Amino acid sequence: MCFSARVRQNLKHLSRRYEAEVDWAAFEELYRRRAEGEDIRTSRDLQRNFQHPETDVERSTAAYIGQYLKARRDEWENEIFAQRRRVAEAEESLAKRETKKAREDIRIGTKKAQDYLDRLTDLRRTEANNEDARIFPLSFAPVLIAEEGRIVIKPMRYTCRLSGKPADIEKRFPGIYNARRDSLDDYWRGVYGRSHAVMVISGFYENVPEHLYQHRELAPDEKEKNLVLEFDPKPSRDMLVACLWDHWTQPGKPSLNSFAAITDEPTPEVAATGHQRTIITIQERYLSEWLSPCALSKERLEHILSDKELPYYVHQIAA
């Protein structure tokens, strides 16, 4: 299960590299909805596309991003003030009489104030790092799709809510950010062979049980503990992850474009770490075919998935 990935999100670079058109209006709409209060998660790298806007749509998008960031900054500054006041009141109470509640207020208030301070520090950070490119389930990221004979870059949510499914399907089945290859003709049959996408990544992260990583059995009474491993192709390269997507609507609710990455049996070096699945990265020569699958036979689709890229993945324990 690819629970996190480092995604290439420079829209103009992706446009040039894959001869694709950017649906700028779709990104403007995404950030408008977030600024107006929807729970929409995006990475810092995606926001950077609008740091130096050149068109009216880009300027409008930048304004929505600024509106959202100001709201978060004001909210966190107010929380810091509230928690510091909580600590001060508890300290004043302790000066009069020792109580468990006052001690807890100091402990919790101090921790929460520091958490919000850390958020503000990160919000004000200008230098880039690897974390800025990471997406997680329920985050939005740019993907390539085919639309009227063109390759188009659109924002979609990583966790696919299929058309006709209830709005809370991802709460009941949180693993639908990935589509197992052996279930493409079952759960995913409505979109497999019809609605395909590609996500461009440079690496990915997996949760792996520590005892499997160490090639041992759990000790008696030992609780399972997870490690987060970071996998990178060697040599470094961009990888085209085969994805499925769908457009979901329901009366009275915001529409949603969302996607899932297709996974297969693990490559040997991934399996050796104790992980049981690996994302499928297709060869670039199949990009146009994969994105326009309706005219392809099932055999051709299976060939594209089987004739996948097989980079050698090196790994490290993520910080």
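**Pockets, cores and strands**

Trainee: Which residues lie nearest the centre of the largest pocket?
Mentor: Thr42, Ser43, Arg44, Gln47 and Asp122 lie nearest its centre, and 32 residues line the largest pocket in total. Keep in mind that this is a predicted model.

Trainee: How much space lies in the largest pocket?
Mentor: About 1100 Å³.

Trainee: Next one. How much space lies in the second largest pocket?
Mentor: About 740 Å³. Its lining has 30 residues, and the closest to its centre are Arg33, Phe140, Arg157, Arg161 and Leu256.

Trainee: Which elements give two or more residues to that lining?
Mentor: Helix H2 (24–35), strand E6 (150–158), helix H6 (169–172), strand E10 (239–250) and strand E11 (253–264). E11 gives the largest share, five residues. By class, the lining of the second largest pocket has 13 nonpolar, 13 charged and four polar residues.

Trainee: Which residues line the largest cavity?
Mentor: Glu265, Thr267, Thr278, Ile279, Thr281, Lys308, Glu309, Leu310, Pro311 and Tyr313. By class, four are nonpolar, three polar and three charged.

Trainee: Change of topic. How many residues are in the largest nonpolar core?
Mentor: That core has 38 residues. Leu144, Trp188, Val198, Leu244, Ile262 and Trp290 have the most contacts inside it. Helix H1 (11–17), H2, E6, strand E8 (196–209), E10, E11, helix H9 (287–291) and helix H10 (298–306) each supply at least two of its residues.

Trainee: Which residues does tryptophan 290 touch?
Mentor: Leaving out residues up to four places away in sequence, tryptophan 290 touches Tyr192, His196, Ala197, Val198, Ala242, Cys243, Leu244, Ile262, Ile282, Leu301, Ile304 and Leu305.

Trainee: You mentioned E8. How many of its residues are buried?
Mentor: In E8, 13 of its 14 residues are buried, and the strand is mostly covered.

Trainee: What does E8 pair with?
Mentor: Strand E1 (residues 4–7) pairs with E8 in the antiparallel sense over four bridges. There, serine 4 stands opposite tyrosine 205 in E8. E8 also pairs with E10, again antiparallel, over six bridges. In that pairing alanine 197 stands opposite cysteine 243 in E10.

Trainee: And how many bridges join E8 to E9?
Mentor: Six bridges join E8 to strand E9 (residues 226–234), and the two run antiparallel. Glutamate 206 stands opposite leucine 229 in E9.

Trainee: One single residue, then. Is serine 139 buried or exposed?
Mentor: Serine 139 has a relative accessible area of 10%, so it counts as buried; the cut-off for buried is under 20%.

Trainee: Where does serine 139 lie, and what does it touch?
Mentor: Serine 139 lies in strand E5 (residues 139–147). Not counting residues up to four places away in sequence, serine 139 touches Arg41, Met156, Arg157 and Tyr158.

Trainee: Now the whole protein. How many helices and strands are there?
Mentor: Ten helices and 14 strands. The C-alpha trace spans about 80 × 60 × 40 Å along its principal axes.

Trainee: What share of the residues is buried?
Mentor: Buried residues make up 46% of the 319 in the protein.

Trainee: And what share of the contacts comes from residues 24 or more positions apart?
Mentor: Such residues account for 69% of the contacts with a separation of 6 or more.

Conventions:
Residues are numbered from 1 along each chain as its sequence is written. This is a predicted model: local features need pLDDT of at least 70, side-chain atom pairs count only at pLDDT 80 or more; totals for chains, interfaces and linings use all residues. Side-chain values use heavy atoms; hydrogens and water are left out. On a 1 Å grid over the protein atoms alone, a cavity is a set of points where a 1.4 Å probe fits but cannot get out, and a pocket is an open set with protein on both sides within 12 Å along at least five of seven lines; lining residues have an atom within 4 Å of a point. Grid points are joined across faces, edges and corners, and a volume is the space filled by probe spheres set on the points. Ala, Val, Leu, Ile, Met, Phe, Trp, Tyr, Cys and Pro count as nonpolar, Asp, Glu, Lys and Arg as charged, and the others, Gly among them, as polar. A nonpolar core is a set of buried Ala, Val, Leu, Ile, Met, Phe, Trp, Tyr and Cys residues joined through side-chain atoms within 4.5 Å. Buried means under 20% relative accessible area, exposed over 50%, partly exposed in between (1.4 Å probe, protein chains only). Contact means heavy atoms within 4.5 Å. Two strands pair if DSSP finds at least two bridges between them.
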